[in-house]
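Please find below a colleague's note on a protein chain, written for a reader who is new to structural analysis.

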Amino acid sequence: LGGRETGREVEGIWGMQEVIGRVNEAKEVQPDRYLRSGQVSEFQYAYRLKRLFDDSLMGGTLTLDEISKSLTASSKAAVFVTNWDTERNGSTLTYKDGSRYLLANAFMLAYPYSEPNVFSGYEFSTTDSGAPGATASSVPDTACSANSGWTCTQRLTPIRGMIGWHNVAGKAKLTDWQSDGDNVVAFGRGAKAFLVMNNGSSASTATWHTSLPAGTYCDVYSSTDCSTAIRVSVSGSIHVTVPAGSAVAIHVGSRV
């Protein structure tokens with residue numbers, strides 16, 4: 001694979017170790033025992049996302065800005081909103097949660113913690129449902145056409161937009177954290193990108209401060225063709241109405 005060993009790690013090869021880390025499991029199989037060999041999956045992050053987006057982002061005992069508190073160090077963790085197991089047991093958000101699932105993915109891609117992983121699978125009705133068209137000996141290729149049964153999460157407009165947002169934000173620091181104290185949260189990544197999320201049940205109209213340069217930006221959460229534009233004033237503020245269960249996402253790589 002072209003990697004080079006350095007101690008117990010291999011340079012040039014990215015890997016994620018699935019270490020669940022249940023509190024009732026032996027200490028020998030806890031995430032901290034695997035950190036020398038690469039990143040470990042941080043299941044608690046996904047569990048916390050569900051707890052927050054199912055209730056209040058900022059109004060409970062756990063708040064969104066503290067989601068990574070006491071978890072695996074950012075450089076050694078890999079996170080997800082759901083995976084192939086947790087989506088079946090109800091412990092995490094799934095495609096069935098609609099807008100909350102999309103917003104949780106958007107947050108994961110925007111918040112500077114860990115290595116984000118976007119899970120894309122297929123629709124299911126029971127715990128043991130197989131892939132569309134699968135038999136005992138084969139699984140057909142993924143099909144992203146309408147009603148194919150595959151979720152194709154990576155192709156959804158908000159996810160595509162937020163992957164670009166994530167790439168533009170890069171290693172820029174978290175800045176301009178703001179909220180309404182409940183289910184509307186806004187934050188940026190320095191002078192690179194800014195996100196407003198509305199996890200509430202009604203539209204939110206407010207003015208938010210950003211560190212972005214003045215100009216007109218494309219809302220990459222709602223469209224791929226810049227049909228929705230957001231104006232950043234000379235003072236760095238934006239005044240936006242965000243529909244319930246939606247977001248506004250802008251970055252310097254996509255301007256009018």
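The numbered points below go from the whole chain to single residues.

1. Basis of the note. This is a predicted model, in which local features need pLDDT of at least 70 and side-chain atom pairs count only at pLDDT 80 or more, while totals for chains, interfaces and linings use all residues. Residues are numbered from 1 along each chain as its sequence is written, and side-chain values use heavy atoms, with hydrogens and water left out.

2. Overall form. The chain contains 4 helices and 14 strands; helices (H or I, at least four residues) and strands (E, at least two) are DSSP runs, numbered from the N terminus. The C-alpha trace spans about 55 × 45 × 40 Å along its principal axes.

3. Of the 256 residues, 45% count as buried. Buried means under 20% relative accessible area, exposed over 50%, and partly exposed in between (1.4 Å probe, protein chains only). Among contacts with a separation of 6 or more, 63% are between residues 24 or more positions apart; a contact means heavy atoms within 4.5 Å.

4. The nonpolar cores. A nonpolar core is a set of buried Ala, Val, Leu, Ile, Met, Phe, Trp, Tyr and Cys residues joined through side-chain atoms within 4.5 Å. The largest one has 39 residues, and those with the most contacts inside it are Tyr45, Phe53, Leu64, Phe107 and Met197. At least two residues of this core come from each of several elements, including helix H1 (43–53), helix H3 (99–110) and strand E14 (246–251). H3 supplies the largest share, 9 residues. A second, separate core of 14 residues includes Val184, Trp208, Tyr217 and Val232.

5. Tyr45. Which residues does Tyr45 contact, leaving aside its neighbours within four places in sequence? Tyr45 touches Ile67, Leu71, Val79, Phe80, Phe107, Met108, Tyr111 and Tyr113.

6. Salt bridges. The structure holds 5 salt bridges, each being a side-chain nitrogen of Lys or Arg within 4 Å of a carboxyl oxygen of Asp or Glu. One of them joins Lys50 and Asp54 (2.9 Å, N to O); Lys50 is buried at 19% relative accessibility, whereas Asp54 is partly exposed at 35%. Another joins Asp97 and Arg100, with the closest N and O atoms 3.2 Å apart. Through shared partners, Lys50, Asp54, Asp97 and Arg100 belong to one network. Glu87 and Arg88 also meet in a salt bridge (3.4 Å, N to O); Glu87 is buried at 8% relative accessibility, and Arg88 is buried at 16%.

7. Backbone points to inspect. Most residues other than glycine have a negative phi. Asp176, in strand E7 (residues 174–179), has a positive phi near 55°, and it counts as buried because its relative accessibility is 19%. Cys226 has a positive phi near 65° and lies in the loop between strand E11 (215–218) and strand E12 (229–232). Cys226 is partly exposed because its relative accessibility is 24%.
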